[in-house]
Amino acid sequence: MGGFNPAVKLEERIRQALNDEFLRNAVKFTTGRLRSSKQQAAEQMGNWEEWRERGRQIRLHTIAHLDYYLNQFVQNLREAGGYVHFASTAQEAVEIAMQIMEEKQAKSVVKSKSMVSEELHLNDAMAAKGIEPVETDLGEYIIQLAGETPSHILAPAIHKNRQQIADLFSEIGGEKLPADTAVLAGFARSQLREKFLQADIGMTGCNFAIAESGSFVLFSNEGNARMCSTVPRTQITLMGMERIIPSWEDLEVMAAILPRAATGQKLTVYMSAINGPKRAADGDGPDELHVIILDNGRSQQLGDPEFQEVLNCIRCGACLNACPVYRHIGGHAYGWVYSGPIGAVLTPLLNEDQDQWGEVANASSLCGACYEACPVKIPLHDMLVYLRRRNVEAGRTDATERLGMKTYKVAVSSQRFYQLALKLGQFGQKPLARNGEITAKVGPLEAWNRLRVAPALAKKSFRDSWKELDMELQHELVELKPETKARMEAILRKRGNSHEN
Amino acid sequence: MKVSLFATCLSDAFYPRVTEAMARLLARYGIRLDFPSAQTCCGQPAFNSGYWDEAKGAALQLIDAFADSDFVIAPSGSCIGMIHHHYPSLFKDDPAGLAKARALAEKSYEFTQFLVNVLDVKDVGAKFPHRVTYHPSCHGARLLGVKDEPLELLQHVHGLELLPLPFAEDCCGFGGTFSIKLSEVSAAMVTEKAEHVIDTQAEVLVGLDMGCLMNIGGRLRHQGTSIRVMHLAELLYEGVCRADGRI
């Protein structure tokens with residue numbers, strides 16, 4: 001399990017999710033909790049919109065000058081004694097990571113949470129070489145035991161309830177464990193403690209890389225990232241090439257908005273800053289530090305006016321929690337590594353095979369809740385439309401839909417054809433319409449009418465009744481109040497002025 | 001001064017009573033209205049599905065239809081949101097079209113925006129002694145920023161008890177072609193929305209967009225509830241008639 005099966009299309013994946021009551025209840029419960037915590041945290045801050053705008057500006061600036069800041073980060077980290085590797089594809093990143101592990105003759109690697117690692121399917125590559133990957137983030141640990149993939153950027157096991165987790169742990173532990181959070185967390189902690197001490201390599205992701213000092217910062221709530229980056233002798237850190245911010249001052253903004261947007265926390269429980277490998281005076285830390293910087297389709301978005309901003313994402317997961325589609329289907333239905341609105345945008349952008357992945361952009365009602373939730377104001381709802389346009393332009397939509405849209409264009413591009421279409425519709429619906437409604441499950445109404453009733457076209461459209469209504473209204477018309485008239489005229493003048501300037 | 005009605009294709013074809021209520025209400029303030037019959041649709045069904053060439057056909061028709069108007073008013077935040085928010089991207093490579101699109105956007109108003117912000121009317125003098133819940137439609141609220149106007153109007157209706165809708169800001173699952181293309185998740189969304197509406201024990205569900213109301217109302221009808229689904233223009237006009245003793 002966990003691997004993606006390309007034969008299963010989006011619609012079928014959605015159907016599977018909708019039929020999973022456990023999943024739907026678990027996802028609704030947790031996203032609901034995260035969302036209301038976020039809202040409270042934002043309200044308590046008072047000027048949340050200003051923070052969002054500040055966050056956006058920092059990310060816009062960084063991505064616009066990514067080459068500069070990336071170079072600065074790499075130079076500084078190398079000066080501090082770190083090794084930096086660039087990987088242009090997932091394949092290359094895997095090869096680099098595997099080479100380091102083989103050189104170190106690693107048998108076991110403890111990992112803190114990294115979405116890039118998921119993007120690389122690194123655990124599979126390690127297992128194939130007989131190296132044991134151990135996920136140490138509680139959610140990731142659960143998912144690894146279950147042989148699944150994360151279904152949420154931040155809460156990877158969001159689709160599982162406590163009882164399912166208790167069953168899973170009981171199986172591993174060989175004893176019946178109660179569905180009690182403290183007991184289950186205690187079990188994971190005791191299992192993982194040994195793993196931390198035995199591991200040859202610690203692997204981490206990266207929340208923010210700070211260009212001015214060549215440092216990087218890890219946010220965690222469980223302390224496992226710090227264990228991964230202090231106990232093992234060798235550390236490998238995986239980061240997407242866009243994880244950069246210019247300065248520590250910018251981190252202050254990110255540290256304020258990311259936890260609040262993600263979980264409603266004012267601060268993350270652990271914020272670990274790593275400034276290179278262990279120095280002579282340090283009590284702990286790795287002797288060797290490797291940072292693998294991954295492109296994997298990201299640089300293609302640079303310079304694209306419609307999509308560059310997607311690189312501003314700070315992976316907080318707020319758009320998933322706000323999304324009404326995600327709320328009902330969870331993360332796996334999106335099919336790839338990233339889910340929710342950000343996943344629906346990133347999946348077609350970072351994967352080459354558009355026949356397979358292009359359709360993921362359809363998994364949204366375009367309600368804009370993602371944009372509203374985003375702490376750096378990425379217009380995901382607009383990007384989804386741009387991706388759909390790409391699908392249309394490349395001829396990836398089906399013939400019926402294309403024909404429907406052609407017909408639509410004819411009907412709406414001329415008054416005559418529009419009125420004709422109306423008349424045809426009014427005539428054609430006669431056998432189906434009853435009391436202004438259509439309940440028959442026919443044609444395009446088949447899916448709609450399974451759970452809904454459709455309205456019939458009105459017997460007389462508004463345009464057909466306008467003449468009569470207009471006469472009546474003119475007859476009754478009162479005088480426009482002078483102050484209203486003045487206000488309307490002022491609006492017109494203002495418009496005129498703005499045109500002249 | 002030419003103040004034009006933009007009926008929107010949905011209300012023109014399916015819900016003429018909504019545009020009619022809006023027109024009757026506006027006429028009470030001395031607004032002389034006209035209805036350019038060249039208008040069709042804003043183009044959103046095609047635009048949101050990625051068919052921009054087709055959407056442009058609709059947009060050009062609409063731009064021409066309202067070329068002489070000073071104000072354009074529609075009973076939909078979604079269609080007006082389309083003009084304000086999406087027309088600029090639709091015409092991004094066509095400077096002449098872009099200028100015309102911007103000119104239309106500048107004079108286009110959603111019904112409550114016009115009533116509250118231009119006519120400065122918050123109390124229409126309506127009486128509506130019912131329990132009402134309000135669904136804020138996504139595009140009106142998020143693309144256009146119409147959040148306070150409808151609430152202000154509702155708060156001034158005499159006898160109306162406004163009941164908060166749980167998860168009000170969640171999309172109802174309509175999303176235009178989304179409801180056909182991914183019909184099952186759309187159905188899951190509207191089912192939950194309808195449950196929330198029922199939970200409020202309201203007698204009336206009111207909103208600003210017939211797309212959403214067609215969806216939620218269609219679900220409520222299917223479930224056999226007696227909850228009445230109304231556009232705010234209808235509710236206000238009916239309330240005015242009641243206050244005047246005409247019904």
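Predicted model: local features only at pLDDT ≥ 70, side-chain atom pairs only at ≥ 80, totals over all residues.
With a relative accessibility of 14%, S247(A) counts as buried, because the cut-off for a buried residue is under 20% relative accessible area.

**Chain A as a whole**

- Chain A has 501 residues, of which 54% count as buried, and its secondary structure is made up of 23 helices and 12 strands.
- Taken along the principal axes, the box filled by the C-alpha atoms of chain A is roughly 90 × 60 × 45 Å.
- The accessible surface of chain A is about 22900 Å², and carbon and sulfur atoms account for 51% of that surface.
- When contacts in chain A between residues at least 6 apart in sequence are considered, 72% of them join residues at least 24 apart.

- S247(A), the residue of the opening sentence, sits in the loop that runs between β8 (244-245) and α12 (248-263) of chain A.
- Once residues up to four places away in sequence are set aside, S247(A) touches I210(A) and E212(A).
- Although S247(A) and G214(A) are 33 residues apart in sequence, their C-alpha atoms are 9.7 Å apart in space.
- R298(A) also lies in a loop, in this case the one between β10 (288-294) and α13 (318-322) of chain A, and R298(A) is buried, with a relative accessible area of 2%.
- Not counting residues up to four places away in sequence, the residues touched by R298(A) include V116(A), E119(A), M241(A), E242(A), R315(A) and Y338(A).

**Helix α19 of chain A and its surroundings**

- Helix α19 (residues 399-412) of chain A has 14 residues and reaches 20 Å from its first C-alpha to its last, which is close to the 20 Å expected at 1.5 Å a residue.
- The buried residues of α19(A) are E401(A), M405(A), Y408(A), A411(A) and V412(A), and they lie on the same side of α19(A) because they cover an arc of only 120° around the axis.
- On the other side of α19(A), the residues A399(A), L403(A) and K406(A) are exposed.
- The buried residues of α19(A) pack against α20 (415-428) of chain A, and also against three helices of chain B, namely α3 (44-48), α4 (52-65) and α10 (178-181).

**Buried loop residues and a helix in chain B**

- V157(B) is placed in the loop between α9 (148-155) and β6 (161-163) of chain B, where V157(B) is buried, with a relative accessible area of 5%.
- Leaving aside neighbours within four places in sequence, V157(B) is in contact with A126(B), K127(B), F128(B) and L236(B).
- V157(B) and A59(B) are 98 residues apart in sequence, and from C-alpha to C-alpha they are 36 Å apart in space.
- A168(B) is found in the loop between β6 and α10 of chain B, and at 15% relative accessibility A168(B) counts as buried.
- Beyond its neighbours within four places in sequence, A168(B) is in contact with H135(B), P136(B) and K193(B), while the C-alpha atoms of A168(B) and Y134(B), 34 residues apart along the chain, are separated by 7.8 Å.
- Helix α6 (residues 95-107) of chain B has 13 residues and reaches 19 Å from its first C-alpha to its last, close to the 18 Å expected at 1.5 Å a residue, and the buried residues of α6(B) are G97(B), L98(B), A101(B), L104(B), A105(B) and K107(B).

- N435(A) is exposed, with a relative accessible area of 81%.
- D120(B) is partly exposed, with a relative accessible area of 43%.

Conventions: Residues numbered from 1 in each chain as written. Chains lettered and ligands numbered in written order. Heavy atoms only, no water. Helix = DSSP H or I, 4+ residues; strand = E, 2+ residues; numbered from the N terminus. Buried < 20%, exposed > 50% of the residue type's maximum accessible area, 1.4 Å probe, protein only. Contact = heavy atoms within 4.5 Å. Areas by Shrake-Rupley, 256 points an atom, 1.4 Å probe, with all protein chains shown as cover. Expected span 1.5 Å × (residues − 1). Arc of directions from axis to C-beta.
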